[in-house]
Amino acid sequence: TCSASAQQAHCFFEQENSKLRERYHAEYSAAFTYNTNVTEENRQAMIAVYAEGARQNKLLAQTIRAANYAKSEDGNIRRQARMLQELGADVLEPNDYLELKNAISAMQSNYATTTVCSYTNRTNCSLTLEPHIQERLSNSRDPAELAWYWREWYDKAGTPMRDNFAKYVRLTRKAANLNGYRSYADYWVHFYEDATFESQLDATYKALLPFYRQIHGYVRYRLRQHYGPEVVPAEGNIPMHLLGNMWGQSWNEVIDLFTPYPERPFVDVTSEMERQAYSVQKLFELGDQFFQSLGMRALPPTFWNRSVLTRPADREVVCHASAWDFYQDSDVRIKMCTEVNTHYLYVVHHELGHIQYYLQYEQQPAVYRGAPNPGFHEAVGDVIALSVMSAKHLQSINLTSNGTLDEESRINELFKRALSKIVFLPFGYTMDKYRYAVFRGELDESQWNCGFWQMRSEFGGVEPPMARSDKDFDPPAKYHIDADVEYLRYFAAHIFQFQFHKALCRLAGQYAPGDSTRTLDNCDIFGSRRAGDAFKKFLSAGNSRHWKEVLEEFTGETEMDPAALLEYFDPLYQWLKRENKRLGVPLGWEDTNKIPS
Ligand SMILES: C=C(C[SeH])C(=O)N1CCC[C@H]1C(=O)O
Ligand SMILES: [Zn+2]
């Protein structure tokens with residue numbers, strides 16, 4: 001046993017980490033069974049396994065506290081002790097814990113099983129978000145049809161979940177307070193190990209707002225030209241049902257409505273993939289080959305036979321894409337309802353980024369098998385996707401003919417990328433600023449819905465297609481709000497990914513400051529072992545070291561910094577400022593009038 005050995009603390013944590021491996025394996029196995037077969041029996045079984053894990057984690061935290069390991073003179077022991085003492089919801093008494101897990105899984109089940117009625121055939125009420133509703137939001141150009149699907153989804157996926165959400169707010173607040181946090185928001189932010197991270201979030205949003213206002217103004221102007229002044233205001237909020245995404249978080253699905261140079265050739269990857277009869281399997285093989293080209297890990301055989309990569313015909317699943325680590329040796333899987341199109345080409349790479357991170361840090365003790373900054377985990381796949389989506393790479397895999405773009409095509413491409421990367425920022429900012437306000441009691445429960453839309457308007461200049469009130473409850477119409485998934489990680493990832501991209505492109509010889517033949521937006525790191533080595537070193541540390549240390553070794557920086565993002569998009573930013581001035585496009589927006597003032 002450990003007590004005899006001189007390295008008592010190390011022996012203790014080695015033992016506990018091997019037990020954690022088995023507990024995490026059991027928890028993620030039960031959760032995967034539920035997520036890939038949404039039944040009441042599987043939901044209950046998952047909650048039972050989590051409840052047992054919570055009981056064990058509580059005992060472990062008490063033992064660590066009693067032994068005062070958090071004060072050890074060994075930094076590694078201190079770090080592990082501090083992390084394992086953070087109990088989160090596990091601190092709750094068993095009945096509160098069960099009530100919380102039941103509320104969250106009820107919201108997740110509702111989200112996963114909600115179907116809506118067809119606009120064109122009201123007796124058919126079997127339409128699912130993926131693929132049916134998303135296809136209509138991307139391809140319909142009828143504002144009435146788009147408003148129909150928007151309202152159907154929010155009324156059925158959001159409003160019925162108000163009581164579960166209220167329970168979730170009450171019980172997460174109780175857990176946070178029992179753990180010594182002022183609120184669940186403060187508990188969420190502590191994972192960034194940086195007391196100033198929330199103010200950096202505010203500063204980054206403000207730094208990018210001028211660029212976003214240029215995009216927002218131009219899109220509103222072009223949408224108004226297409227749909228007319230009855231549908232799109234000249235200076236007000238953009239009605240979000242026109243933007244090609246249920247939550248207005250990315251607008252690239254409907255870029256054909258506002259392509260800067262519509263006569264210029266466009267890299268329409270979706271139709272090219274269809275023409276070449278691409279399979280779902282092929283999308284994952286592309287991603288797998290990319291990581292292998294960098295000298296990184298190949299997908300293990302178990303990935304291919306244990307993942308759920310398309311929606312099964314015979315059972316309900318949680319379609320929202322996710323990557324899973326079963327805390328064994330290379331037992332990693334993805335669950336998603338993949339379709340063959342550009343959107344899922346991105347999502348496949350995003351999820352494979354999580355998988356690669358799992359594989360790179362799997363030698364770490366269980367407690368360190370995670371990212372030191374939640375934003376890192378969400379950035380890995382996106383960095384690879386930045387190379388994949390470049391004209392140079394798409395040509396190398398025969399998905400486009402021209403690998404180098406003339407200035408006008410380049411503006412089209414940069415605009416399309418900005419419609420997901422820049423447009424996303426006010427959305428991501430609002431997802432957590434709203435929940436922080438709710439968790440901190442700054443937004444009264446009577447204002448939970450109107451406050452949500454007020455913030456979407458204030459920070460992003462978008463609004464619902466029709467009036468909403470506090471009889472509605474719209475936030476749970478977004479997966480992450482049902483599933484208790486914090487969102488700052490995605491905002492941070494949208495900034496970090498350009499810092500990673502710049503460092504990797506430089507290592508791959510694909511980028512040099514001031515060299516117009518090697519710019520960030522046409523860099524493709526495919527095949528670069530130098531880039532791969534640096535990425536492996538960064539990822540394999542897992543959560544064993546502070547994120548600023550591993551970031552500095554990787555990119556030379558110690559902070560989240562939008563400079564690389566702004567450099568990537570600079571040609572577009574300059575173009576938009578000139579074009580909006582030339583067209584007389586008004587910038588900015590007023591408060592929404594879709595909520596009672
Ligand atoms: C693809 C995933 C699973 Se981690 C996701 O939730 N994402 C990826 C980008 C933003 C966010 C979203 O869909 O809201
Ligand atoms: Zn992700």
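**Figure 1. Polar contacts between ligand 1 and its surroundings in the predicted model.** A polar side-chain atom of His 320 lies 2.7 Å from an oxygen atom of ligand 1, and an N or O atom in the side chain of Tyr 487 is found 2.5 Å from an oxygen atom of this ligand. A polar side-chain atom of Tyr 490 is placed 3.4 Å from an oxygen atom of ligand 1; a polar contact here is a pair of N or O atoms within 3.5 Å, and within protein one of the two must be able to donate a hydrogen and the other to accept it, while residues adjacent in sequence count only if both atoms are side-chain atoms. On its own ligand 1 has 380 Å² of accessible area, of which the protein covers 88%, with areas taken from the Shrake-Rupley method with a 1.4 Å probe and, for residues, only the protein chains shown counted as cover.

The model is predicted, so local features need pLDDT of at least 70 and side-chain atom pairs count only at pLDDT 80 or more, whereas totals for chains, interfaces and linings use all residues. Residues are numbered from 1 along each chain as its sequence is written, chains are lettered from A and ligands numbered from 1 in the order in which they are written, and side-chain values use heavy atoms, with hydrogens and water left out.

**Figure 2. The shell of residues around ligand 1.** Of the 13 residues around ligand 1, those that come nearest are His 320, Glu 351, Lys 478, His 480 and Tyr 487, where a residue is near a molecule or strand if one of its heavy atoms lies within 4 Å of it. Sorted by class, this shell has five nonpolar, five polar and three charged residues; Ala, Val, Leu, Ile, Met, Phe, Trp, Tyr, Cys and Pro count as nonpolar, Asp, Glu, Lys and Arg as charged, and the others, Gly among them, as polar. Helix H13 gives the most to the shell, with four residues; helices (H or I, at least four residues) and strands (E, at least two) are DSSP runs, numbered from the N terminus.

**Figure 3. The zinc ion (ligand 2) and its protein donors.** His 350 and His 354, each through NE2, and Glu 378, through OE, are the protein donors of the zinc ion, lying 1.9 to 2.0 Å from it. Donors are N, O and S atoms within 2.8 Å of the metal (3.2 Å for Na, K and Ca), and water is not among the atoms, so sites may look incomplete. Along the sequence the donor residues follow the spacing H-x3-H-x23-E. Both His 350 and His 354 belong to helix H13 (residues 342–360), where they are four residues apart, about one turn of the helix. His 350 and His 354 are both buried, a word used for residues under 20% relative accessible area, with exposed meaning over 50% and partly exposed in between (1.4 Å probe, protein chains only).

Figure 4. A search of the whole structure finds 65 aromatic pairs. One of them is the tilted pair of Tyr 119 and Trp 148, with 6.2 Å from centre to centre and 55 degrees between the planes. Tyr 119 lies in the loop between helix H4 (94–113) and helix H5 (129–139) and Trp 148 in helix H6 (residues 143–157), so this pair ties together parts that are 29 residues apart in sequence. The rings of Tyr 168 and Phe 439 have centres 5.9 Å apart and planes at 65 degrees, so they form an edge-to-face pair. This pair links distant parts of the chain, with Tyr 168 in helix H7 (residues 162–178) and Phe 439 in helix H17 (residues 424–439), 271 residues apart. Tyr 168 and Phe 439 are both buried, and they belong to one aromatic cluster that also includes Trp 188 and Trp 448. Rings of Phe, Tyr and Trp (its six-membered ring) pair if their centres lie within 6.5 Å, and planes under 30 degrees apart count as stacked, over 60 as edge-to-face and the rest as tilted.

Figure 5. The side chain of Arg 468 is joined by a polar contact of 2.8 Å to that of Asp 155, and by one of 2.7 Å to that of Asp 474. Gln 249, in the loop between S1 and H10, counts as buried at 13% relative accessibility, and a polar contact of 2.8 Å joins its side chain to that of Lys 478.
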